[in-house]
Amino acid sequence: MNNIYRIFLVSLVVGVSTCAQAHGEGVHARTVSPEQKDWGIAGDELSVKRTVTLSMDDNMRFTPSLLSFKQGETVRFVIRNKGKMLHELVIGTRKELDQHAAMMLKFPTMEHDEPYMAHVASGKTGGLVWTFNRTGEFDFACLIAGHYQAGMVGKIRVTAVVP
């Protein structure tokens, strides 16, 4: 094996491992500035107007699985894992979730952490705060390998505020 090939492989391994973020228990520190997504932007705790409690279980379901919000609402999600395995809540568009789920199947130990996702260990409660500043239909899912494919998904509808 020549040296250029070895350097390439080492660079690839180091690059992939440093891009990973943490899956796991506890609160994750987020030092990144909020990034506008098609489905909204990370919310500010002080702006929370509503709290929604979701539960997840090993039947690969969210309860409730349909949520409705008004454009501009900042929502605190309280997410309870009633199952015996790790689950997560990831908000996004169907396209984004499909792509991320495919990556999770290829790399099941891939770790990730963004303001629009929460990883919740068995029997624990997690959460996130999100501002729905765009109207439309969006999705949420558990993207742990096999969970999305088993139907662990939900729908979010964000409607415009009528004056």
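Phenylalanine 69 sits opposite valine 158 in S10. This is a predicted model, where local features need pLDDT of at least 70, side-chain atom pairs count only at pLDDT 80 or more, and totals for chains, interfaces and linings use all residues. Residues are numbered from 1 along each chain as its sequence is written, and side-chain values use heavy atoms, leaving out hydrogens and water.

**Exercise 1.** Work out which strands pair with S10, and in which sense.

*Solution.* Start with the terms: strands are DSSP runs of E with at least two residues, numbered from the N terminus, and two of them pair if DSSP finds at least two bridges between them. Next, take strand S4 (residues 66-70): S4 and S10 are parallel, with 5 bridges. Then look at strand S9 (residues 136-141), which runs antiparallel to S10 and is joined to it by 6 bridges. Here alanine 141 has valine 153 of S10 as its bridge partner.

**Exercise 2.** Classify the ring pair of phenylalanine 62 and phenylalanine 140.

*Solution.* First, the rule: rings of Phe, Tyr and Trp (its six-membered ring) pair if their centres lie within 6.5 Å; planes under 30 degrees apart are stacked, over 60 edge-to-face, the rest tilted. The structure has 6 aromatic pairs. In this one, the centres are 5.0 Å apart and the planes at 75 degrees, so it's edge-to-face.

How values were computed. Helix = DSSP H or I, 4+ residues; strand = E, 2+ residues; numbered from the N terminus.
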